Amino acid sequence: PRKAPHIARSRERGLGKRGAQEARSMFVKVMEKINALSNEEAYKSFWACCGCKKYAESMVASRPFVTRTDMFDKSDAIWATCGRPEILEAFLAHPKIGDNKAAAAHGGKWASGEQKGMDAASSGTAAAMAKGNAEYEAKMGFRYIVCATGKTAEEMFSILQSRINNDPATELAAGAAEQNKITHLRLNKLMAEHSAASL
């Protein structure tokens with residue numbers, strides 16, 4: 001489920017009436033900046049949020065966004081229309097969990113920071129993750145996708161273990177749901193880039 005609108009409302013309650021008005025004004029300005037991007041700039045920005053051509057092109061075409069909620073709703077609707085080929089395309093845009101070299105060199109500008117939990121992994125956990133990734137990919141036919149932000153290496157490996165016995169169809173859906181979580185986080189990062197305030 002999408003948390004962004006609820007979070008925004010919670011922040012407004014904490015800020016008070018004047019603060020809420022300023023927050024809304026800030027969101028409006030951020031939306032105006034995103035709407036004003038050239039098609040090429042917007043495509044690159046949305047592809048960085050979800051590495052799928054159909055998704056990025058559809059988000060560009062869905063502008064202008066009226067509000068933050070509007071952008072998230074359109075993002076969800078577009079992702080829901082994506083089939084197996086588009087989902088797998090987005091999966092391939094991610095470095096494998098624990099592949100620090102690929103994450104650092106990855107075209108997606110946020111990939112490296114999202115896997116920070118792997119930085120503190122023991123050699124044993126890192127080796128187990130690499131082995132688990134290989135076993136998962138051999139069974140499913142695609143790589144293991146999890147929203148890594150805020151998770152430790154042990155948590156990510158535990159999730160892999162809990163999912164590896166699922167069938168590929170179940171895992172495709174699970175991975176697509178994780179991708180949507182990642183997309184939401186990256187849309188927030190995109191908005192932060194166009195705002196003087198941290199969202």
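Modeller: Helix α4 (residues 68-80) packs against helix α10 (residues 168-193) at an angle of about 150°, and their axes lie 11 Å apart; axes are lines fitted to C-alpha atoms over the stretch in contact, and angles run from 0 to 180 degrees between N-to-C directions. Because angles over 145 degrees count as roughly antiparallel, α4 is roughly antiparallel to α10. The crossing of α4 past α10 is right-handed, that is, the near helix is turned clockwise from the far one by less than a right angle.

On the α4 side, the contact (heavy atoms within 4.5 Å) is made by Arg68, Met71, Phe72, Ser75, Asp76 and Trp79. Helix α10 contributes Ala176, Gln179, Asn180, Thr183, His184, Leu187, Asn188 and Met191. These residues divide into six nonpolar, six polar and two charged.

This is a predicted model, in which local features need pLDDT of at least 70 and side-chain atom pairs count only at pLDDT 80 or more, while totals for chains, interfaces and linings use all residues. Residues are numbered from 1 along each chain as its sequence is written, and side-chain values use heavy atoms, with hydrogens and water left out.

As for the setting of the pair, the chain has ten helices and zero strands, helices being DSSP runs (H or I) of at least four residues and strands runs (E) of at least two, numbered from the N terminus. Of the 199 residues in the chain, 44% are buried, meaning under 20% relative accessible area with a 1.4 Å probe, protein chains only.

Conventions:
Buried < 20%, exposed > 50% of the residue type's maximum accessible area, 1.4 Å probe, protein only. Parallel < 35°, antiparallel > 145°, perpendicular 65-115°, else oblique. Nonpolar A, V, L, I, M, F, W, Y, C, P; charged D, E, K, R; others polar.
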